[in-house]
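I opened the model today and kept notes as I went. The entries follow in the order I looked things up.

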Amino acid sequence: MLSGVLVLLPLKDTNAALTPTGLLRIEIRDGQTGKLTPVRVRLTQAGKPVKTVPDKAVAVSYGLWDHADGYAFQPDSSFYVSGQFALQLLPGTYHLALMKGNEYINQHHTLVIKPNQTVRKLYTLTRWINMAARGWYSADDHIHIRRSPGENQSLMSWIQAEDLNVGVLLKMGDFWETYYPQYAFGGKGNHQQGNHLLTSGQEDPRTPELGHALGFGATGAVRYKQDYYYYDKVFDELHKRGGLTGYAHQAESFHGYRGLTLDGLRDKVDMLELLQYCVSDRPLRTEHYYHMLDLGFPLTATAGSDFPWCGHDHDHGPPEQSARIGNARFYTYLSKSFSYAAWKEAVAAGHTFVTSGPILDFRVNNALPGDRIALKKGNKLYIRAEALGHPGQTPLDTLEIVAHGRVLGRVTQHDSGQSAGHLTLSVELPSVAHGLWIAARCYGKSRQAAHTTPVYVSVDGGGFHNPETIERYLNLSETYLRELEQELETHQDTPEFQAWYYKKGLKTRIDETRQVIGELRDKLTRK
């Protein structure tokens with residue numbers, strides 16, 4: 001109880017409360033099925049996001065370091081709905097954007113809300129392409145959200161709204177602890193509805209000296225706290241548990257190229273995350289990919305968003321690219337009905353291409369990406385690449401066929417018979433003298449890009465390495481090992497730098513890799 005004290009309370013602004021509102025009711029249906037369909041929605045007024053989220057928004061807690069930074073709104077102030085929503089709005093003119101991944105045509109609408117009136121709208125979203133109907137299924141292999149069975153339905157709506165067939169939820173770790181826990185791994189951790197699947201994986205180990213390891217498809221997560229810098233132990237155990245292993249972030253950030261050299265040259269690595277908006281505003285980074293391929297080591301190309309970490313919202317990525325699930329994805333070709341086992345088998349076989357928008361169809365003597373072709377010297381190769389895009393949403397610019405990193409053929413949208421929606425290119429090699437890897441890559445507007453896993457061609461039982469670059473890449477591998485050795489000689493006071501503590505074990509692994517380099521030098525540089 002207060003006595004003798006005058007308390008001044010702020011006056012409420014009643015104008016907003018007294019202003020009559022209007023009601024907006026929206027339904028969104030799929031153009032093919034006619035059913036309500038999950039979508040991503042962004043509602044703005046005068047260029048600024050509307051700060052009210054509808055009750056029917058599909059919400060899941062997410063954030064950096066497993067914090068609760070977001071819930072209903074996405075980092076760009078969009079939100080997900082399962083096909084319908086209603087929202088009370090102040091009178092005025094609004095802009096409504098409806099989005100559903102790369103294969104659907106985005107829609108933009110102007111809405112005028114009047115006092116005490118209801119605006120009802122039914123919108124139908126249509127595809128410009130249906131990749132699943134062609135046997136190609138999309139995936140984002142790098143999503144960080146903690147998951148219990150209770151989140152499955154909401155997260156399923158999120159990946160359906162981005163038209164992803166597979167969402168890989170990654171448990172993340174560092175030297176001290178783990179983040180974004182998953183309730184189970186392997187089949188027990190899967191949640192599937194039709195052709196849409198949630199599955200578990202791991203980004204662990206993660207160190208600033210060796211990069212970030214990636215793994216999925218295993219029956220359980222693997223972590224060796226006391227041997228944290230020995231990535232090969234994790235990779236070997238993931239393989240035993242039926243999983244696939246690789247490096248994230250194009251092996252660019254956190255010196256991942258060192259880890260890729262150390263483990264890739266010892267045949268521990270299955271895949272490389274080739275496309276992502278984390279390292280720079282160019283999502284496709286091929287330097288370390290071509291390095292390994294030219295040395296004769298096959299790697300499946302994958303891609304992932306690294307949600308919620310990578311996007312301009314968190315100072316990673318170009319200004320127009322917000323952190324968003326599925327903004328970097330890869331497609332996998334399945335010759336059978338969609339299932340977890342069939343998908344994992346096809347990824348392991350390398351039947352993939354990565355993309356931030358453009359679609360690729362690539363064949364070498366009718367072989368798919370990831371396939372191996374055995375020829376005799378002098379045999380012929382017929383190579384065909386096709387890129388597809390939507391002229392208004394995914395306009396194409398350039399399509400290339402590359403072999404051993406060298407461009408064999410190139411077309412642009414300005415060439416005769418080509419367009420911003422369709423590029424085709426054929427190359428014939430009339431007499432193949434030695435093995436090689438061959439891939440297709442495509443560039444579009446606004447930094448959009450795509451790249452296939454190569455087709456691997458051997459001649460007379462040989463490998464597919466590049467004889468012209470073998471010496472340079474072996475020397476570069478040695479340079480990366482020396483970089484790592486310098487790290488081992490430096491006692492860091494910064495807690496996150498712990499490589500020096502594992503000097504003995506890492507030195508043994510460096511010696512093993514040097515032995516591989518020596519054997520490759522003897523074998524592959526012989527005249």
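With which hand does H4 pass H7 in the crossing? I find that H4 crosses H7 in a left-handed way. Left-handed means that the near helix is turned anticlockwise from the far one by less than a right angle; clockwise would be right-handed. Helices (H or I, at least four residues) and strands (E, at least two) are DSSP runs, numbered from the N terminus.

**Ground rules.** I am working with a predicted model, where local features need pLDDT of at least 70, side-chain atom pairs count only at pLDDT 80 or more, and totals for chains, interfaces and linings use all residues. Residues are numbered from 1 along each chain as its sequence is written, and side-chain values use heavy atoms, with hydrogens and water left out.

**Confidence.** I checked pLDDT, the predictor's confidence in each residue, from 0 to 100. The chain average is 93, and 94% of the residues score at least 70. Residues 1-15 fall below 50, and this stretch has one contact in the model beyond near neighbours in sequence. Contact here means heavy atoms within 4.5 Å. Where pLDDT is low, the predicted coordinates should not be read in detail.

**H4 on H7.** I went back to this pair. H4 covers residues 256-264 and H7 covers residues 470-488. Their axes are 9 Å apart, at an angle of about 110 degrees. H4 is therefore roughly perpendicular to H7. The classes are: under 35 degrees roughly parallel, over 145 roughly antiparallel, 65 to 115 roughly perpendicular, and the rest oblique. Axes are lines fitted to C-alpha atoms, for helices over the stretch in contact, and angles run from 0 to 180 degrees between N-to-C directions. From H4, I listed Tyr-257, Arg-258, Thr-261 and Leu-262. They meet H7 residues including Tyr-480, Leu-481 and Glu-487. By class, this contact has five nonpolar, two polar and three charged residues. Ala, Val, Leu, Ile, Met, Phe, Trp, Tyr, Cys and Pro count as nonpolar, Asp, Glu, Lys and Arg as charged, and the others, Gly among them, as polar.

**H7 on H8.** I then followed H7 to H8 (residues 503-524). The angle is about 170 degrees, with the axes 11 Å apart. H7 and H8 are therefore roughly antiparallel. The contact includes Leu-474 and Leu-481 of H7, and Ile-510 and Ile-517 of H8. I count it by class as 10 nonpolar, three polar and eight charged residues.

**Sheet S21-S23-S26.** This is an open sheet of three strands in that order, with antiparallel pairing. Two strands pair if DSSP finds at least two bridges between them. S21 (359-364) and S26 (422-429) each have a single partner strand, so one side of each lacks a neighbour in the sheet. The twist averages 10 degrees from one strand to the next. Eight bridges join S23 (residues 381-388) to S26.

**Sheet S5-S1-S8.** I found another open sheet of three strands, with mixed pairing. Six bridges join S1 (residues 22-30) to S5, and these two run antiparallel. Gly-22 stands opposite Leu-89 in S5.

Most residues other than glycine have a negative phi, and most peptide bonds are trans. I noted a cis bond between Asp-204 and Pro-205, with omega about 10 degrees. Another cis bond joins Phe-307 and Pro-308, with omega about 0 degrees. Phe-254 has a positive phi, near 55 degrees. Phe-254 sits in the loop between S16 (244-247) and H4.
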